[in-house]
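Welcome! Let us take a friendly walk through a protein model, one topic at a time. Have the structure open as you read.

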Amino acid sequence: MWPVAKLMIPGICGPGMVFQIDGFRLIYLGIGVLMWFVSGVFSLEYMAHYEKKSRYYLFLFATFFATMGVFLSADFYTTFIFFEIMSFTSYVWVAFDEKEESLRAAKTYLAVAVIGGMVMLMGLFLLYDLTKTLRFDELGEAASHALSTSPGRLYAASGLLLFGFGAKAGCFPLHIWLPKAHPVAPAPASALLSGILTKTGVFGIIVISCQMLAGDRTWGMLIVCLGLVTMFLGALLALFSVNLKRTLACSSVSQIGFILTGIGMGDLLQAAGESGSLAVRGAFLHMVNHSLFKLVLFLCAAAVFMNLHQLDLNDIRGFGRKKPLLMFCFLMGALGIGGVPFWNGYVSKTLLHESIVEYRFCGAASVCPALWQGAEWIFLVSGGMTVAYMLKLFVALFVDRHPSRQEEFDALSLSYMRPAGKWVLAGTAVLLPFLGMTSHLSMDKLADLGQEFFGQTGHAHPIFYFSLENLKGGLISIGIGMLLYTFVIRRWMMGEKENENKEKGGKITHGMCYLDRWPSWLDLEELFYRPVLQVVLPGIGGWVCGFLDRYVITAPMAVFLAVSAVACRAMDQMADSVIRMARKTTHSQIPPAFSLSMTGDGEALGSRTACGVERRWGSPGIFARKRRERTRAALIRIKERIQRNGRLVEESFSFGLMLFAIGLCLTLGYLLLVFIRQ
């Protein structure tokens with residue numbers, strides 16, 4: 001057990017803030033420092049051609065402090081404060097290049113973040129009213145009491161919190177921002193969005209599931225169902241995607257599903273009287289592994305984009321040929337996230353798979369064993385789709401040849417990335433096989449440190465990761481992935497692509513290309529969310545107002561509402577009226593002592609001197625006199641600006657003093673009236 005240290009800062013925003021450091025938080029503090037350091041070093045090259053890179057770095061470090069504030073928080077109030085700060089600072093990443101596509105994706109990201117934050121706040125109000133505390137270490141006991149007295153209110157509060165945290169984590173059906181925000185954000189920022197900002201949402205779900213509702217079967221079943229759907233849907237979206245960063249973004253949705261499945265399985269195993277250590281250790285290790293996967297993979301995508309400014313697989317295929325370092329780094333990330341033995345992803349996925357198998361054969365699952373056999377196959381098939389889409393990306397980048405630009409791509413073999421970027425990328429990529437090959441020495445130790453945050457203590461029973469039984473699950477997923485790549489991607493998602501040649505009046509055939517087979521209308525945001533928010537809800541609001549106006553609001557009530565509206569409008573305009581009156585009387589504008597009309601280039605209108613003698617442009621010394629006149633005009637303009645600013649400051653200060661005096665007189669009059677009445 002790691003010693004726990006706490007810090008309380010009272011009086012901030014009322015309740016104050018509470019922070020804590022333990023094994024889990026220490027590990028994620030280290031991961032956060034590593035990810036921001038590597039992304040920051042890589043950003044020096046990636047952002048070199050951007051004009052507003054200072055804005056990027058400002059919000060890069062602001063988001064770092066906010067994210068670390070979330071992970072170090074020890075109560076939901078502190079978590080909420082830093083959670084909202086993080087949402088607004090990271091918004092700048094998505095909208096950074098200010099293109100139409102980026103701004104639209106940023107609006108989606110901000111809408112999901114704000115709606116999720118407000119729903120979370122409603123959950124915090126309800127939870128505090130029910131339990132009288134928001135401290136993590138006190139919520140377990142308080143929630144147990146509330147579960148026996150008001151289970152409906154407790155589940156309602158937990159559901160609202162799940163909505164808010166799930167929106168940031170990318171849980172279905174609130175995942176819509178990830179596939180749109182990641183492709184438009186700078187790639188080093190995408191690595192942080194995917195690798196660690198989504199984990200802040202998972203952090204909140206862990207607190208709800210493993211500390212507040214630990215061992216609750218109903219809640220565990222909900223989280224497992226959400227995890228399985230998110231896992232499968234994210235992998236399916238990634239399989240169909242033909243955009244490099246969008247594929248990685250959809251992959252993040254799928255990997256979050258794996259983590260949620262482990263969290264839910266921990267609750268179900270505890271409810272069945274078993275130890276949930278396998279599940280929570282697998283969930284925690286997959287959190288750590290996914291952060292490292294996406295750091296490596298998104299930085300590889302950054303190397304592609306900053307050279308080609310393209311992300312479509314048909315435009316970038318063949319770029320990685322003759323670039324062995326880039327191939328090695330991408331391959332390490334692909335093998336890791338694919339769950340290939342001897343890489344770190346295999347260890348965490350083995351633990352998650354074994355938790356499903358363990359629950360399947362315990363007594364609690366005997367009522368419907370087919371359900372859990374189906375859950376196991378969803379897990380294996382989702383892992384197979386992960387192998388398939390990562391193989392698609394690897395082949396497109398490093399095996400395929402570009403039909404027309406391959407020589408240009410090969411010429412960049414030595415200059416596609418600076419040495420600093422190569423070192424940090426390679427150093428991070430080496431971690432993935434190292435952790436996988438030293439699983440008992442490294443990953444088991446990490447799990448021992450982090451599992452206490454999940455409500456698990458003590459050592460789990462030993463797992464022989466490379467036994468035949470455990471290898472079988474990983475090999476099944478790899479086999480499914482190879483079949484999907486061979487018979488689905490190569491035979492159905494690739495084909496001849498033709499487009500019109502306007503100059504020659506014919507068609508150009510580009511050979512075998514990656515085809516976008518995903519239906520364009522099957523977009524959850526456009527299909528559901530935007531119609532609901534922009535059409536359905538306003539329509540319902542209009543109908544309710546019409547109903548109230550026709551059947552509920554009586555004549556006296558209507559008169560009262562009208563009078564109230566007029567009174568509110570009058571009070572709203574009162575301040576403006578006072579300001580206009582003051583500007584016309586006590587604070588009227590002081591006319592300037594002098595004014596000199598100037599032309600656009602700073603020359604005085606006219607060409608006469610103070611003596612009134614007209615100068616000829618060809619007379620001796622005219623250029624020297626012209627420079628003196630320009631200098632004098634510039635000095636006069638600066639003097640006028642200083643005097644004007646001074647008058648504005650003086651007027652504002654005196655106006656503020658006048659309002660203070662009026663308020664003081666009203667206060668003294670009120671006190672005098674109270675004193676006389678007594």
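This is a predicted model: local features need pLDDT of at least 70, side-chain atom pairs count only at pLDDT 80 or more; totals for chains, interfaces and linings use all residues.

Which residues make the nonpolar surface patch of about 820 Å²?

The patch in question is formed by Ile115, Phe163, Leu533, Val535, Val536, Leu537, Ile540, Trp543 and Val544.

The biggest contributor is helix 20, spanning residues 524–552, which supplies 7 residues to the nonpolar patch. Ile540, one of the patch residues, sits in helix 20.

## Helix 1 beside helix 11

Now turn to helix 1 (residues 23–46) and helix 11 (residues 277–308), which pack with their axes 11 Å apart. The angle between the two is about 0 degrees. Angles under 35 degrees count as roughly parallel, so helix 1 and helix 11 are roughly parallel to each other.

Who takes part in this contact? On the helix 1 side you will find Phe24, Ile27, Tyr28 and Ile31, among others. Helix 11 brings residues including Phe284, Met287, Val288 and Ser291. Sorted by class, the contact between helix 1 and helix 11 has 19 nonpolar, 2 polar and 1 charged residues.

## Helix 1 beside helix 2

Helix 1 also packs with helix 2 (residues 53–72), at an angle of about 170 degrees and with the axes 10 Å apart. Because angles over 145 degrees count as roughly antiparallel, helix 1 and helix 2 are described as roughly antiparallel to each other.

Among the residues making this contact are Arg25, Gly32 and Trp36 of helix 1, along with Tyr56, Leu60 and Phe64 of helix 2. By class, the contact of helix 1 with helix 2 has 13 nonpolar, 5 polar and 1 charged residues.

## Details in the loops

Where is Arg401? Look in the loop between helix 15 (369–398) and helix 16 (406–410). Arg401 and Gly320 are 81 residues apart in sequence, yet their C-alpha atoms are 9.6 Å apart in space. Setting aside neighbours within four places in sequence, Arg401 is in contact with Arg317, Gly318, Arg321 and Gln406.

Phe172 and Pro173 are joined by a cis peptide bond, with omega about 5 degrees, and Pro173 lies in the loop between helix 6 (151–169) and helix 7 (178–184). His309, in the loop between helix 11 and helix 12 (313–316), is a residue other than glycine with a positive phi, near 55 degrees.

Technical notes
Residues are numbered from 1 along each chain as its sequence is written. Side-chain values use heavy atoms; hydrogens and water are left out. Axes are lines fitted to C-alpha atoms, for helices over the stretch in contact, and angles run from 0 to 180 degrees between N-to-C directions. Helices (H or I, at least four residues) and strands (E, at least two) are DSSP runs, numbered from the N terminus. Angles under 35 degrees count as roughly parallel, over 145 as roughly antiparallel, 65 to 115 as roughly perpendicular and the rest as oblique. Contact means heavy atoms within 4.5 Å. Ala, Val, Leu, Ile, Met, Phe, Trp, Tyr, Cys and Pro count as nonpolar, Asp, Glu, Lys and Arg as charged, and the others, Gly among them, as polar. Patches are made of residues with over 30% relative accessible area and no salt bridge: like charges are joined within 9 Å, nonpolar side chains (Val, Leu, Ile, Met, Phe, Trp, Tyr) within 5 Å. Accessible areas come from the Shrake-Rupley method with a 1.4 Å probe; for residues, only the protein chains shown count as cover. A salt bridge is a side-chain nitrogen of Lys or Arg within 4 Å of a carboxyl oxygen of Asp or Glu.
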